[in-house]
Amino acid sequence: MGAVLETTERVADLAGEKYKYGFVTDIEMERAERGLNEDIVRFISAKKHEPEWMLEWRLEAFRRWKEMTEPNWARVHYPPIDYQNAYYYAAPKSQAERPKNLDEVDPKLLETYKKLGIPLSEQKLLAGVAVDAVFDSVSVATTFKAKLTEAGVIFCPISEAIRDYPDLVRKYLGTVVPVTDNFFATLNSAVFSDGTFVYVPKHVRCPMELSTYFRINASETGQFERTLIIADEGSFVSYLEGCTAPKRDENQLHAAVVELVALENAEIKYSTVQNWYPGDEEGKGGIYNFVTKRGDCRGRASKISWTQVETGSGITWKYPSCILRGDDAVGEFYSIAITNNYQQADTGTKMIHLGKNTRSRIVSKGISAGRAQNTYRGLVSINARAENARNHTQCDSLLIGARCGAHTVPYIESRNPSAKVEHEATTSKISDDQLFYCLARGFPKEEAVALIVNGFCREVLQQLPMEFAVEAQKLVGISLEGSVG
Amino acid sequence: MNMLEIDNLHVTVDGKEILKGITLSVPAGEVHAVMGPNGSGKSTLSYTLAGREGYEISGGRIFYQGEDLTKLLPEERAAKGMFLALQYPVEIPGVVTLTFLKTALNAQRRARGEPELDAMRVLRLVREKATALKIPEDMLKRPLNAGFSGGEKKRMEILQMALFEPRLAILDETDSGLDIDALKLVAEGVNALREPNRAMVVITHYQRLLSYIVPDRVHVLAGGRIVKSGGADLALELENSGYEGVVEAA
């Protein structure tokens, strides 16, 4: 038995004491030992200074997870993951371990930042450069916080919410994605590192777009991110997750869980731009992005809208869904999934119509290049009591080159004769004529492809908040670099 | 100076020789018409001049303002001031016309090392040129060519020509599919762009376009070769005796 394990055990003991007395003590360990067992779960909980109920919740999840098997129905292929050979907790890097300045950062990464037009100060943040004294993110964050407090909006790391707003967290956590929902969600429930908590009080329109971006430096959320957003009656919030710039990440497996709850007349708009490491041209080393995202339109006339631009990761397994529980609830899913080289994406949505007059709309744009495989998988389910439910699904695939694949797997279940479900699907290629036309107008080849693909995605890009949309357009181009000879 | 000089050009497409030795000079300030029956190689000539992939030059050379074009990519040719108005302008779904025009113009300017124009500048420029061609503002906000009528598409091509201000413009069957009103409008647009330091090659099957765009020279293309050249009258002669008569006489 190595020193590491001993230390872990000691830490676990300390942690146990800490709960008893409610002290917050520094635990020196930077990293949990390899593998996953109850001690590791306890260690993580201790690191986060969590109350007892949270630990119990995690342990319950862990026990259930041990009984579960990894799903294999998605159209993705990867070697078996050895869950006992991974680390489940690593402290954020200290300033000393970080690159001192941009000269120490991978030039390839900097090149991409430049193409995205990211200001120098932000490049440093993204590349994990040790933050220097003049950096002004603190003041930005402070102004931001003051405005939110004034509106009564809670926006903080979920670890903080567990300590400061336990009633709210306990009331909603795991009510949309149950602890035992699926293998990856259950794993997340046991070991989640950190994430975001948002609560918007009744009849409050959140005064600004909330973005993880603003707290990117506050805490590294790590590989098992957990997000919980609650929009109380009559409120509105728009939340932006991720950013267009690629971030350095040492964890290959990411299994996040996002839960949204919209009460009566509330609306949540959730936008994601995912640009994690996709792997190299041979498909080596990409991130596994196995995410469970679900929104519950719990109240009457509530609305949840998902917009995602997925360009990164080696493998994406992700189905942001809406449970349309309240009568007159509305669910939307707008998606762009781009796969290049050897990337694989199996993504789509589930629209579960339970309430009367519920409506849902799905617009999916899949772009496949190189040797990539891109699958849309979606379920539209109309419950027997969902009178007059409506769904419209539009599912378009675009192929670039002759060695990639696009697949569409729509499931429709209707148990109510008054339901109207429409599904449209197209598959097309960028034609030589289109490409030549653009070249003849002066566009270099890659710009021409980016232009055509951006046109193909326009309906979805329009759903993004303005500042995101511009960056996302550039990202579309960058993701497809090298896809045409 | 010759804006365009084609010297014994042979072009092969899919292993088949389509152009079999074309020689042609177009001086600055002149408009030349290339006329020919179907399958004579008209479109091959225009695509080759624009540098389209798959149109392989198996012999001869093309000079533009004295520079050998043979190795240049289509986008490089565009940036250097060559323009091809296509017979069938392509639809680019989802790309707003104005955005397309702005990005194309700036891509060309960037390639030439000129500063890019901001959105307002481009908008003013485009509006000014669009008005002359009776292109409504609303068309500029629609995706490029998507759902445009035949006439609208051709006018859009001429609008691009007006905007990019090329030194050499090749108009490939710009008259095809146009009714007489649309034809006049397009011809007026083209005529307005005639100037001493610009050359144009108007490729057409029919004489009628040449009643509105009167060429300085007319060349008859048949079987991949220029079989006859002459003044504007040659077009009328073709109209009267047909291609067969002219080709046989040559």
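Is A:Glu281 buried or exposed? In this predicted model, local features need pLDDT of at least 70 and side-chain atom pairs count only at pLDDT 80 or more, while totals for chains, interfaces and linings use all residues. Residues are numbered from 1 along each chain as its sequence is written, and chains are lettered from A and ligands numbered from 1 in the order in which they are written.

A:Glu281 is exposed, because 12 other C-beta atoms lie within 10 Å. On this scale a residue is buried with 20 or more other C-beta atoms within 10 Å of its own, exposed with 12 or fewer, and partly exposed in between, the C-beta atoms being placed from the backbone. A:Glu281 belongs to the loop between strand 8 (267–274) and strand 9 (288–297) of chain A. Helices (H or I, at least four residues) and strands (E, at least two) are DSSP runs, numbered from the N terminus. Between A:Glu281 and A:Thr186 there are 95 residues in sequence and 32 Å in space, C-alpha to C-alpha.

Strand 12 (residues 321–324) of chain A is covered on both faces, with A:Ser321 and A:Ile323 buried on one side and A:Cys322 and A:Leu324 buried on the other. Strands pair if DSSP finds at least two bridges between them. Strand 9 of chain A runs parallel to strand 12 of chain A and is joined to it by 4 bridges; A:Arg294 has A:Ser321 in strand 12 as its bridge partner. Strand 12 of chain A is also joined by 3 bridges to strand 15 (residues 350–353) of chain A, again in parallel, and A:Ile323 stands opposite A:Ile352 in strand 15.

The axes of helix 11 (residues 445–456) and helix 13 (residues 466–479) of chain A come within 8 Å and cross at roughly 125°. Axes are lines fitted to C-alpha atoms, for helices over the stretch in contact, and angles run from 0 to 180 degrees between N-to-C directions. The two helices of chain A are therefore oblique to each other (under 35 degrees counts as roughly parallel, over 145 as roughly antiparallel, 65 to 115 as roughly perpendicular and the rest as oblique). In helix 11 of chain A, A:Glu446, A:Glu447, A:Ala450, A:Val453 and A:Asn454 meet A:Gln473, A:Val476 and A:Gly477 in helix 13 of chain A. Contact requires C-beta atoms, placed from the backbone, within 7 Å.

Between the chains, 17 residues of chain A are in contact with 20 residues of chain B. Helix 10 (432–440) and helix 11 of chain A are the elements that give two or more residues to the chain A side.

Definitions and conventions. Two residues are in contact if their C-beta atoms, placed from the backbone, lie within 7 Å.
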